[in-house]
Amino acid sequence: KIYAVVGENGCGKTTFFNQLFKKYHNKKIIHIQQNDLLIKDLNIKSHLELVHYNFNNDELNQLLNLDKIKKLYPSQLSLGQRQIVAVIYAIYSGNDYIIFDETFSALDQVSLYTLLELCQQQVIHLNKTIFIVTHQQDIIDQCHTVIHFDNKCNNFELSSLDNKEIKHISLKEVFQFQERHWIKHLLTLFI
């Protein structure tokens with residue numbers, strides 16, 4: 001599934017996922033924030049080769065202009081271009097759980113929908129779980145479930161896109177399970 005994670009600024013969305021990532025970073029999770037994880041001394045082609053991205057994917061390369069930027073370094077790219085590379089890197093990284101924290105904020109519409117479609121394909125074909133922290137309604141509309149953090153930072157609410165099912169979950173409850181089963185337990189709360 002793809003989860004949209006929403007809530008007002010300062011309600012704890014980023015802090016929550018930062019804590020989860022710090023505590024469980026070796027559990028097949030990658031966490032990409034708005035300021036990407038790109039290494040300044042590697043060009044874009046080298047970054048994507050690290051995750052075995054196939055540059056022969058002509059349609060994706062053309063839609064995202066990857067051929068034009070593959071020889072450039074992160075400092076030579078716009079924020080949107082860096083976000084494209086970071087999203088592709090995360091998707092092809094082999095991790096089962098991907099957290100995108102405002103990673104789509106600087107993308108044009110074509111790039112946004114291309115990457116969201118790529119995320120949908122990964123969920124279907126590779127059984128990945130993706131969390132997208134966002135304020136953008138067009139991203140929220142493409143997700144399966146919405147996780148809404150409240151202002152008090154001690155609860156969150158989950159709802160399906162049709163709002164037929166809403167669950168309220170305490171953040172305290174999320175952190176009261178055994179470490180090695182945290183993702184499974186977290187997802188059972190969501191489903």
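Helix α5 has 13 residues and reaches 18 Å from its first C-alpha to its last, close to the 18 Å expected at 1.5 Å a residue, where the expected span is 1.5 Å times one less than the number of residues. Helices (H or I, at least four residues) and strands (E, at least two) are DSSP runs, numbered from the N terminus. The model is predicted, so that local features need pLDDT of at least 70 and side-chain atom pairs count only at pLDDT 80 or more, whereas totals for chains, interfaces and linings use all residues. Residues are numbered from 1 along each chain as its sequence is written, and side-chain values use heavy atoms, with hydrogens and water left out.

Several residues of α5 are buried, among them Gly-80, Gln-83, Ile-84, Val-87 and Ile-91; buried means under 20% relative accessible area, exposed over 50%, and partly exposed in between, with a 1.4 Å probe and protein chains only. The cover over the buried residues of α5 includes β2 (29–33), α2 (44–50), α3 (58–64), α4 (66–69), β3 (97–101) and α6 (109–126).

Ile-88 belongs to this helix, which spans residues 79–91, and Ile-88 counts as buried because its relative accessibility is 0%. Not counting residues up to four places away in sequence, Ile-88 touches Leu-48, Tyr-53, Leu-64, Leu-66 and Leu-115, a contact being heavy atoms within 4.5 Å. The C-alpha atoms of Ile-88 and His-47 are separated by 9.8 Å, although the two residues lie 41 residues apart along the chain.

Strand β3, which is part of that cover, is itself mostly covered, with five of its five residues buried. Tyr-97, Ile-99 and Asp-101 point one way from β3, while Ile-98 and Phe-100 point the other way. Its pairings are listed below; two strands pair if DSSP finds at least two bridges between them.

| Strand pair | Sense | Bridges |
|---|---|---|
| β2 and β3 | parallel | five bridges |
| β3 and β4 (residues 129–133) | parallel | five bridges |

Ile-30 has Ile-98 in β3 as its bridge partner, and Phe-100 stands opposite Ile-132 in β4. From β3 the chain crosses through α6 to β4 in a right-handed β-α-β crossover, meaning that, with the strands pointing away from the viewer, the path from the first strand over the helix to the second runs clockwise.

The protein chain as a whole has nine helices and seven strands, and 46% of its 191 residues count as buried. Among its contacts with a separation of 6 or more, 64% are between residues 24 or more positions apart.
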